[in-house]
Amino acid sequence: ISDDKAASMVLDSARRAYSSGQFDTAVQRFGEFLSKYSTHAEAPSASYGLGLSQLKLRTHASITAAVTAFRSASGRMDFANRPLALYYLGVSLRDLASSTLVQKVTSGSDNRPSYAKQYRQEAARHFAGAADAFVARSKKSAPASAPAVHPDIIWATRAKSDQCDMLLRIGQYKQAIILAGTLLNDKQFGPQAIYNIGYAHFAMKDYLPAGRTLSKLAPFKQTFGPHARYLLARTHH
């Protein structure tokens with residue numbers, strides 16, 4: 001059996017394991033491929049698959065491993081799915097920040113908030129990079145049956161929305177307002193943008209614009225609706 005055939009068999013088994021929800025097995029198979037065929041043309045794809053599999057395991061160690069895998073995949077400029085690798089690198093760093101904050105303190109000093117902020121800052125940068133990469137890719141190809149909005153533009157908007165969330169979490173409120181303002185007219189992400197703007201104004205103690213903005217979300221049936229209602233009540237208070 002040739003090396004290419006053997007490599008394809010390992011990679012195919014990894015992808016089948018992921019598709020069937022066997023994420024532990026997928027991690028093992030993708031890892032096996034990368035250890036044996038690190039210079040193979042499909043290595044970036046295997047790193048990407050490994051990152052997705054590690055994210056599904058939802059442990060602190062697996063999320064950390066996902067960051068490493070997505071860094072490798074997104075570092076290859078010739079990787080067709082580099083925009084997605086950048087996006088999920090942002091996702092894994094965001095999840096790593098949350099996971100870090102719930103870890104037990106094992107030393108005299110608690111550095112978890114500092115590390116979490118660093119992860120979120122980096123996540124914001126990678127979400128921004130993903131948005132740019134999606135836009136660039138959208139200009140190179142059109143889908144077979146042209147939808148109203150190119151799928152890559154939808155992904156770019158999603159990445160910007162996630163970037164905005166990270167900006168809020170690291171206290172860059174003015175930047176969050178500016179970025180969210182570019183998403184207000186988007187049907188899918190517009191309500192989230194309104195919430196983000198209202199949240200940012202509230203955090204800066206600009207209560208009048210916060211109240212006016214958050215009121216637009218009534219009757220608050222969004223997933224973030226209860227918190228938006230709470231913030232609105234706080235502005236009145």
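Which residues are buried in helix 11? I opened my notebook with this point.

**Entry 1: the model**

I worked from a predicted model, in which local features need pLDDT of at least 70 and side-chain atom pairs count only at pLDDT 80 or more, while totals for chains, interfaces and linings use all residues. I noted that residues are numbered from 1 along each chain as its sequence is written, and that side-chain values use heavy atoms, with hydrogens and water left out.

**Entry 2: helix 11**

I took the helices as DSSP runs (H or I, at least four residues), numbered from the N terminus. In helix 11, I found Gly-225, Ala-228, Leu-231, Leu-232 and Thr-235 to be buried. Buried stands for under 20% relative accessible area, exposed for over 50%, and partly exposed for the range in between (1.4 Å probe, protein chains only). Viewed down the axis of helix 11, the buried residues fall within an arc of 120°, so they line one face of the helix. The arc is taken from the directions that run from the helix axis to the C-beta atoms.

I then looked up what this face meets. The buried residues of helix 11 pack against helix 9 (190-203) and helix 10 (207-215).

I also checked the length. Helix 11 has 12 residues (225-236) and should span 16 Å at 1.5 Å a residue; its end C-alpha atoms are 17 Å apart, which agrees. The expected span is 1.5 Å times one less than the number of residues.

**Entry 3: Asn-196**

I placed Asn-196 in helix 9. Is Asn-196 buried or exposed? Asn-196 is buried, at a relative accessible area of 1%. Apart from neighbours within four places in sequence, Asn-196 is in contact with Ser-161, Cys-164, Leu-168 and Ala-180. Contact here requires heavy atoms within 4.5 Å.

**Entry 4: salt bridges**

Side chains of opposite charge can pair when their charged atoms come close. I counted a salt bridge where a side-chain nitrogen of Lys or Arg lies within 4 Å of a carboxyl oxygen of Asp or Glu. How many salt bridges does the structure hold? The structure holds 10.

I looked up Arg-15 and Glu-42, whose closest N and O atoms are 3.4 Å apart in a salt bridge. This pair links distant parts of the chain, 27 residues apart: Arg-15 belongs to helix 1 (residues 3-19), and Glu-42 to the loop between helix 2 (23-36) and helix 3 (43-57). Arg-15 is partly exposed at 34% relative accessible area, and Glu-42 is partly exposed at 32%.

Why are Lys-36 and Glu-32 separated by about one helical turn? The reason is that they are 4 residues apart in helix 2. Lys-36 is exposed, with a relative accessible area of 52%, whereas Glu-32 is partly exposed at 24%.

In helix 7 (residues 151-169), Asp-165 and Arg-169 are 4 residues apart, and therefore separated by about one helical turn. Their side chains meet in a salt bridge (3.2 Å, N to O). Arg-169 counts as partly exposed, at 49% relative accessibility. I also noted one network, in which salt bridges with shared partners join Arg-58, Arg-94, Asp-95 and Asp-162.

**Entry 5: aromatic rings**

I searched the whole structure and recorded 14 aromatic pairs. Rings of Phe, Tyr and Trp (its six-membered ring) pair if their centres lie within 6.5 Å; planes under 30 degrees apart count as stacked, over 60 as edge-to-face and the rest as tilted. One aromatic cluster is formed by Tyr-48, Phe-70, Phe-79, Tyr-87, Tyr-88, Phe-127, Phe-134 and Trp-155.

At Trp-155, I found the charged end of Arg-158 sitting over the ring, 5.2 Å from its centre. For this, NZ of Lys or CZ of Arg must be within 6 Å of the ring centre and within 35 degrees of the ring normal.

**Entry 6: backbone angles**

Most residues other than glycine have a negative phi, and most peptide bonds are trans. I looked for exceptions. Arg-58, in the loop between helix 3 and helix 4 (60-74), has a positive phi near 60°. Lys-205, in the loop between helix 9 and helix 10, has a positive phi near 65°. Lys-205 counts as exposed, at 61% relative accessibility.

Which residues does a cis peptide bond join? They are Ala-218 and Pro-219, with omega about 15°. I placed Pro-219 in the loop between helix 10 and helix 11.

Definitions and conventions
Helix = DSSP H or I, 4+ residues; strand = E, 2+ residues; numbered from the N terminus.
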